[in-house]
There are 2 protein chains.
Amino acid sequence: MRGVAIVGVGQTKFGVSTETSRSLGVKALLDALDDAGTNGREIQAAYVGHYGLLDRQKGLIGHLVLSDAGITQRSPIPITRVEDACSSGAVALREAYIAVAGGFYDVAVALGVEKMTHLPTIEALTGMAQGREQDIEGVMGMNPIGIYGMKARLHMERYGTSEEQLALVAVKSYKNAASNPYAHFQKNITKEDVLNSPSISPPLHRYNFCPFSDGAAAAILVSEDLVKKYTDTPVYVAASVQKSGFFDDSGDLLTERVLGDTAVEAYEKAGISAKDVDLAEVHDASSIAEILAYEALGFCPEGEGGKFVEEGQSQIGGSTPVNASGGLTAKGHPVGATGLGQTFEAVKQLRGEAGKIQVPHPEYVLTHTMGGLYRGEECNKVVHIFKR
Amino acid sequence: MRGVAIVGVGQTKFGVSTETSRSLGVKALLDALDDAGTNGREIQAAYVGHYGLLDRQKGLIGHLVLSDAGITQRSPIPITRVEDACSSGAVALREAYIAVAGGFYDVAVALGVEKMTHLPTIEALTGMAQGREQDIEGVMGMNPIGIYGMKARLHMERYGTSEEQLALVAVKSYKNAASNPYAHFQKNITKEDVLNSPSISPPLHRYNFCPFSDGAAAAILVSEDLVKKYTDTPVYVAASVQKSGFFDDSGDLLTERVLGDTAVEAYEKAGISAKDVDLAEVHDASSIAEILAYEALGFCPEGEGGKFVEEGQSQIGGSTPVNASGGLTAKGHPVGATGLGQTFEAVKQLRGEAGKIQVPHPEYVLTHTMGGLYRGEECNKVVHIFKR
């Protein structure tokens, strides 16, 4: 297997857009091509992350975007949509990585795109709920929002985590997002704002959850021998690990065993440990998910995620900055685009081009997404580690 | 890149089923595991072709099937859904092939599954229509059924193809299907039956089109060095080529340039030419699609597809048997399963295990699917060549 580098990234602003998913996808792709200094003629394959169920264009979006961007106007290439619910973008990156590392293509694009805000909230929620197991969990009306509430309550009871600590996760995310021009939300909030916002799934409030967002992001991947043709600042994929499964038979909602195993394997592949991670962009669909990610990814001991955020360890400048971008909570969560939006942030950070949200001299950036709901857990876990 | 062999296949009967997609998927997967002589413990990854829009379980189906089959009950593995409309199953096979050939996994499963017949026809049609470009073709109400009619009419006017010749494609498919226990339809029809069946998209009649079907199929892929552990009758993937694009700027509905290019590249990779193909399972969503496939795949000269079927060249025993299984027309078309159903047929034929539809001593079997509708064409083309 060959080394693979990312030599170009593009991203639209995440948020409420009047454009179509197709138009957003074209913008992100053209920006990524510009960033890689290519007109796209060398692109040999495309993998497209798109959840699609909220979109008028439910499938085929990659074919339209690659055509509109001029690529398949020149010559046909393989275009494949991948879908693993909220982790679709990360899986698109991973499949592009596998195909380039394995020698099938020298240059490939991973694209993620989603349009969500045009729907009334109840319809968007209904569409997102299709990403769960339907026979039992669907009939019971289980959904990630309710499960996050249960996890938060259990974490509070077992480890003494407080609502204030959960609020501080959101405060940090909004603070970072306010300095990220690509972020959905561009305002600072206080701990009181979080605690006074409507209760959604007790003990979690509205500000403890990510919004629906529109957006797109893209990355150009090349084999290591081609890097010099494109850039002096390549970012390498040091690890790409995906595991689909669920917690062990204990049925303990706080056992993030699968995510932990995914991270351990990713650290092994990258030849690093958790303490070497200079920045993590994690799947904080809710503040409790970020706290559980601190623990499962090894940034702090089990049960100490609340303390970790309270001490400022996950802030820019802390021991392990987490979600410098604002994360899903405040940068936004256009489902299919999210994993590639994390990739965009990782690449910009490793190049030292992240502006006001730059962490100091990062060498390793970790990204983490999850998707699907089965047995009370987001059952697809994806961890990437990028290095300079 | 390593050689990759298929060491196990499974398939449900295609047709009208009262089972869920999940249940169908489990059956096909367990049959494939049995066929490979494994309990599934070695499976390291799964790629799942599922169109999903007609299904209550729109996503996540792979996660449920792999769990119910006991695989992720043991240990998490990466499970990725791929979707390229009617070519989803073939793309799942292709991604599994890429990952094994590239060295990422030693043993992987490709699974395809679809449940369609539970919906009223108009709802199934509406669901399938989502696989097209929506901004222009959707607004105009273009769909493959209408386009197949236009293609058939043009082929008749340009090359003198007759309605009788189009009917003979369906007659052959039904004849073969009647000897295939996995086929949706189990009856012989006559040329008159086709011509007297309701006109759907003139000059095409109901029997000139594939049905909606339920079904699932699976294949177990291993790296070449592991073959002996599993089987004495491996089937190798000699070529896997995918091209997504559209006909040239002439706008000629009969220009199957992309499919032709896909086939040429596949023949090059396999080191063969069209005349070496002992059996082709092609995407005959309509009889005209099969005639165009004869020509694009090089089994007969351009314009002579009608004559080719009339002379019996595509029958079992002809110069190039096509759709010995009954094809989409009569074996059925459970969208996400179709490409892997073709794989099942190819493997059974190459092993000499195809029973009453066995072609004599095949060495090379070609499969072909298409998916999506953009610019009046099914824009994703996938060709695989399998060898003994």
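Good morning. This is a predicted model, in which local features need pLDDT of at least 70 and side-chain atom pairs count only at pLDDT 80 or more, while totals for chains, interfaces and linings use all residues. Residues are numbered from 1 along each chain as its sequence is written, and chains are lettered from A and ligands numbered from 1 in the order in which they are written.

I begin with chain A. It has 15 helices and eleven strands; helices (H or I, at least four residues) and strands (E, at least two) are DSSP runs, numbered from the N terminus. The radius of gyration of chain A is 19 Å, close to the 21 Å of the globule rule for 388 residues, so the chain is as compact as a globular protein of that length. That radius is taken over C-alpha atoms, and the rule is 2.2 Å times the number of residues to the power 0.38. Along the principal axes, the C-alpha atoms of chain A fill a box of roughly 60 × 40 × 40 Å.

Of the 388 residues in chain A, 64% are buried. A residue is buried if 20 or more other C-beta atoms, placed from the backbone, lie within 10 Å of its own.

Next, the domains. Chain A is divided into domain 1 (4-119 + 213-236) and domain 2 (135-209 + 237-387), with bounds from an automatic or database domain assignment. Their C-alpha centres lie 23 Å apart. The contact takes 38 residues from domain 1 of chain A and 37 residues from domain 2 of chain A; two residues are in contact if their C-beta atoms, placed from the backbone, lie within 7 Å. On the domain 1 side, α4(A) gives the most, with eight residues. By class, that side has 22 nonpolar, eleven polar and five charged residues. Here Ala, Val, Leu, Ile, Met, Phe, Trp, Tyr, Cys and Pro count as nonpolar, Asp, Glu, Lys and Arg as charged, and the others, Gly among them, as polar.

I turn now to strand β3 of chain A, residues 79-83. Five of its five residues are buried. Both faces are covered, with A:I79, A:R81 and A:E83 on one side and A:T80 and A:V82 on the other.

Which strands pair with β3(A)? Strand β2 of chain A, residues 45-49, runs parallel to β3(A) and is joined to it by four bridges; A:Y47, for instance, has A:T80 as its bridge partner. Strand β3 of chain B pairs with β3(A) in the antiparallel sense over three bridges. A:V82 is partnered by B:V82, and A:E83 by B:R81. Strands pair if DSSP finds at least two bridges between them.

How are the two chains related? A rotation of 180 degrees, with 0.0 Å of shift along its axis, superposes chain B on chain A with an RMSD of 0.0 Å. The two copies are thus related as by a two-fold rotation axis. In chain B, the C-alpha nearest the axis is that of B:G102, at 1.9 Å. Copies are superposed by least squares on the C-alpha atoms of residues with pLDDT of at least 70 in both. Moreover, 100% of the interface residues of chain B are also interface residues in chain A, so the copies meet through the same surface.

How values were computed
Buried ≥ 20, exposed ≤ 12 C-beta atoms within 10 Å, placed from the backbone.
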